[in-house]
Amino acid sequence: MLQGTFALFHRALCVDFRLTRTHLFRFLFAVLILFCLMIAHSSSRVMGAAGLYLFSQIIYLNFMFILMAGISFFATAITEEKEEQTIGLLLMAGVNPISLLLGKSLPRLVSALILLSIQFPFTLLAITLGGVTFTQVLATYATLGAFLIGLSNLGLVCSVLCSRSRTASTLVLISLFMYFLGPPLLGWCIDGAVSENWVGANSLIVGGTKSFIELCYESSVLRQLSLILTSGFSESPWGFQFWTNLMAGVLFFLLASLCFNRFALTEVSTDPGRGLVSKKRNRIFSPGRAWMQALAWKDFYFVNGGLGMALIKHICYGVALFSLCAYISYTSRSYSLQEMGLTVFWTMLIVVLIEISLISSRIFHVEVQWKTLVSTAMLPQSMAQIAYAKVFGSMLAVIPAFFYLIIGGLLGIEEMTQDLGMVLAEPGFWLTCIEILFFWHLTALLSTFIKWGALPLAFVLMWVGNMVFFFSMSMVIMGGGGGPDVFEAVTILFTLFLSASIVGSHFMINERLTYLASQ
Amino acid sequence: MNHPINNQPVIDIQNVSHSFKGHRALQGISFQVQPQSLHGFVGPNGAGKTTTLKIICTLLRPQGGKVEVFGHNVQSAVKEIRKRIGFMPDHFSTYRQMTVFEYLDFFGAAYGLGVDQRNQVINDVLTLTDMDGRKDSLISGLSRGMQQRVSLARVLVNDPDLLLLDEPASGLDPRARIELMEILQELKRMGKTIFISSHILSELAELCDSVTIIDRGLVKYSGSMDGLLTHEQEHPVYKVMLEAEVEGLIDSLLREPGILKVEPTEKPRELRIMFDVTLTNTGNLLSKIIESNGTIESFQRDKKHLNQAFLDLTEQGVR
């Protein structure tokens with residue numbers, strides 16, 4: 001049985017070693033730790049417990065990377081074989097399902113654990129800088145290790161259950177939301193139900209739910225980390241969270257093994273679906289005749305779902321916003337129309353940002369994935385014209401969200417315009433806008449280079465970039481290198497730099513698409 | 001829309017070279033394709049066929065040499081060239097979630113055709129490719145041969161003067177291959193210039209007027225199909241299948257002036273005949289067989305010879 005596992009393990013390590021991007025990623029990680037160390041060293045002059053500060057930085061950095069790995073790296077262990085249609089071949093070669101699961105998940109888990117363990121000596125420096133004990137370091141790595149094992153196996157289950165990497169990543173993301181936000185939401189609901197006298201405070205259901213929520217809290221990696229990082233932590237490194245996360249990992253692996261034959265062996269169609277787009281002409285959900293802006297028509301209907309999806313979004317957003325406003329109105333004493341407008345505006349702004357982020361990760365990637373870039377590139381248009389037409393078509397899919405955004409904006413216009421002048425004069429506002437634009441461009445560019453995970457990678461890069469920028473700025477200010485004026489000037493320069501990068505990314509995307517079309 | 005024909009070659013490739021990551025895919029190739037001809041581009045796997053095709057269709061910029069299509073340089077007149085050509089890659093590059101009609105309608109609109117014009121063009125290309133009954137079918141639900149026809153129909157939507165087809169018959173069953181070749185012959189009759197790549201010379205032997213053979217980035221032969229045979233061997237070889245054995249036929253044929261070699265093949269009642277084209281021709285040869293009381297069942301150029309010519313021109317080994 002282990003022969004197949006070792007063969008897959010060996011192959012995965014060889015592939016991992018040959019890829020430049022894995023080495024680049026590790027190098028980036030090392031640079032970030034060094035950066036954290038520099039910050040801790042600088043801040044040790046002005047604050048106490050610099051070691052704890054350094055340690056916290058490194059730990060939360062690790063936590064973010066583990067989360068991203070869970071969504072992308074671990075969630076694709078089996079789906080990538082499904083998409084390549086190689087599972088059958090592996091089974092034919094005598095690799096049984098358990099070996100296959102181990103062989104696909106273990107190398108990824110080992111790579112991540114190695115990345116964690118090699119930092120261990122560096123984090124011991126935090127003890128020297130002060131504020132951290134060896135027990136805290138050990139407990140933190142045990143906590144992260146157990147969470148990593150749990151998450152990697154959660155990714156494995158999702159990878160077995162889903163037919164595509166994208167769906168598996170989404171399922172992991174939803175599971176993580178439930179893990180982190182489920183207990184507080186459940187607690188909130190149960191408190192609401194008790195306060196409205198729908199259930200008795202001492203009833204079995206309330207008691208049971210509260211005990212369950214408490215257990216969830218105790219098994220939460222975030223709660224355990226914050227507990228460890230408080231001064232004076234002296235509990236055992238192998239706490240409740242460690243064992244529950246480890247157990248969850250084992251259970252997830254067993255679940256993946258049990259579900260393997262049922263889900264992983266089904267034939268996966270590589271053909272893209274039509275979704276709600278009707279095949280029959282003259283129907284409301286039919287794409288009808290191609291517009292003269294043919295690429296926009298194609299992207300609106302066949303990448304973003306067309307009118308049918310727009311209508312569904314319109315109804316869903318409407319219902320969700322109505323429910324939200326009704327709930328707030330019901331629970332608060334006064335809720336004016338303006339406040340309602342602001343609720344709608346800010347909610348839909350988040351939706352618009354998410355929708356455009358998703359579009360930017362798909363807009364060019366689908367052409368590469370479907371191998372259609374060659375025929376599209378042969379049209380008598382420049383690659384830039386093709387790309388902009390695609391952007392136009394995709395942006396039509398955001399109209400429902402924009403509709404509610406504008407409605408919200410109009411309802412809350414008085415409130416919003418009051419501080420508008422002040423907000424527009426803030427360099428930070430423009431930096432945020434440009435950063436969001438840059439994030440979309442970066443996602444689109446990355447999606448032309450990597451098979452999956454462009455969106456989380458862009459997110460991590462933006463997060464790291466921002467962290468480096470703002471910490472550097474804080475250091476400059478703390479070190480007496482300048483006041484708020486310097487900060488403002490650097491913010492403006494950074495905004496200009498990002499704007500130039502956006503323009504540059506247009507050329508890079510153009511070059512990359514031209515290159516891909518010629519392959 | 002057929003443009004006036006002149007003596008200018010449709011494709012003119014002069015000393016073109018191209019490399020990928022240190023590998024020299026093309027090493028200074030030169031050849032021409034004449035208007036309204038069906039030109040075969042043959043070479044083993046990895047010979048540089050697809051690279052050449054992508055340079056001709058403006059997807060790839062040549063690193064050295066000059067490529068002109070309809071007299072336009074591929075590096076400077078991309079849009080003009082793209083309007084007049086249709087390129088079918090070696091893989092299905094179709095939006096498989098669309099129906100056949102939607103797919104063709106999309107490309108028609110992308111080429112700037114109005115609705116009425118598109119209706120006409122789509123009907124024409126569907127008739128030509130014998131896909132009339134499948135226009136509302138999803139592309140993903142079609143067989144490989146049908147999908148290849150859809151790709152061909154797409155290439156024809158803008159009524160191109162030059163068709164560039166990269167291994168269009170690969171992966172098709174024999175019937176689909178024959179039907180595809182019939183469509184290509186019909187397109188040739190319509191005045192299109194067709195440049196077709198393949199790694200099987202015999203597949204193109206009866207279809208093409210001219211052929212270019214490429215191997216490891218070098219042109220080994222470029223010219224007429226007949227020229228290929230005389231290029232490799234001085235005298236053509238034909239195979240004759242007789243209804244029944246005729247005693248003394250081999251001796252009587254060998255006595256004829258110009259007939260150099262007559263030998264039985266591995267099949268019963270079949271003869272392989274080599275003759276000197278300067279002294280005799282196929283008409284004389286057939287007359288002599290009939291005069292000798294032979295009843296001919298079939299008469300064809302020796303395809304094995306074409307394959308041999310190809311093997312002789314190209315080097316051994318998998319690329």
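User: Of the 319 residues of chain B, what share counts as buried?

Analyst: This is a predicted model, so take every value as computed from it. In chain B, 42% of the 319 residues count as buried. The C-alpha atoms of chain B fill a box of roughly 70 × 45 × 40 Å along the principal axes. As for secondary structure, chain B has eleven helices and 14 strands.

User: Among contacts in chain B between residues at least 6 apart in sequence, what percentage joins residues at least 24 apart?

Analyst: That figure is 68% for chain B.

User: Let's go to the sheets. What order do the strands take in the six-stranded sheet of chain B?

Analyst: The general idea comes first: strands of a sheet pair through backbone hydrogen bonds, either parallel or antiparallel. Here the order is β6-β7-β8-β3-β9-β10 in chain B, an open sheet with mixed pairing. β6 (85-88) and β10 (218-224) of chain B stand at the edges with a single partner strand each, so one side of each has no neighbour in the sheet. Direction ignored, neighbouring strands of this sheet are turned by 15° against each other on average.

User: Which helices pack against that sheet, and which strands do they touch?

Analyst: Helix α5 (residues 144-156) of chain B packs on the sheet, where α5 touches β6 and β7 of chain B; its direction makes about 160° with that of β6(B). Helix α1 (residues 49-56) of chain B lies across β3, β7, β8 and β9 (210-215) of chain B, and runs at about 150° to β7(B).

User: How do I read a strand such as β8(B), and are its two faces covered or open?

Analyst: Start with the general rule: in a regular strand the side chains alternate between the two faces of the sheet. So you read every second residue together. In β8(B), one side carries B:Thr193, B:Phe195 and B:Ser197, the other carries B:Ile194, B:Ile196 and B:Ser198, and all of these are buried, leaving both faces covered.

User: Which way do β3(B) and β7(B) run relative to β8(B), parallel or antiparallel?

Analyst: Strand β3 (residues 38-42) of chain B runs parallel to β8(B), joined by five bridges. Strand β7 (residues 162-166) of chain B is also joined to β8(B) by five bridges, and this pair runs parallel. If you want landmarks to click on, B:His39 has B:Phe195 as its bridge partner in β8(B).

User: What is the strand order in the four-stranded sheet of chain B?

Analyst: That open sheet reads β12-β13-β11-β14 in chain B, with antiparallel pairing. The edge strands are β12 (259-264) and β14 (296-301) of chain B; each has a single partner strand, so one side of each is left without a neighbour in the sheet. From one strand to the next, the twist averages 20°. β12(B) is joined to strand β13 (residues 270-275) of chain B by five bridges, and the two run antiparallel. One pair to look up is B:Val262 with its partner B:Ile273 in β13(B). Helix α10 (residues 282-291) of chain B packs on this sheet, touching β11 (237-242), β12, β13 and β14 of chain B, and its direction makes about 155° with that of β14(B).

User: Now the interface. How many residues of chain B are in contact with chain A?

Analyst: There are 27 residues of chain B in contact with 25 residues of chain A. On the chain B side, the elements giving two or more residues are α2 (78-84) and α3 (100-110) of chain B. The largest share, five residues, comes from α3(B). By class, the chain B side has twelve nonpolar, six polar and nine charged residues.

User: Over to chain A. At what angle do α14(A) and α19(A) cross?

Analyst: Helix α14 (residues 294-302) and helix α19 (residues 383-395) of chain A cross at roughly 45°, with axes that come within 7 Å. That angle makes α14(A) oblique to α19(A). The crossing of α14(A) and α19(A) is right-handed. Among the residues that meet are A:Leu295 and A:Trp297 from α14(A), and A:Ile386 and A:Phe392 from α19(A). The contact residues divide into seven nonpolar, two polar and three charged.

Key: Residues numbered from 1 in each chain as written. Chains lettered and ligands numbered in written order. Predicted model: local features only at pLDDT ≥ 70, side-chain atom pairs only at ≥ 80, totals over all residues. Axes fitted to C-alpha atoms, helices over the stretch in contact; angles between N-to-C directions. Parallel < 35°, antiparallel > 145°, perpendicular 65-115°, else oblique. Left-handed = near helix turned anticlockwise from the far one by under 90°. Contact = placed C-beta atoms within 7 Å. Nonpolar A, V, L, I, M, F, W, Y, C, P; charged D, E, K, R; others polar. Buried ≥ 20, exposed ≤ 12 C-beta atoms within 10 Å, placed from the backbone. Pairing = 2+ DSSP bridges.
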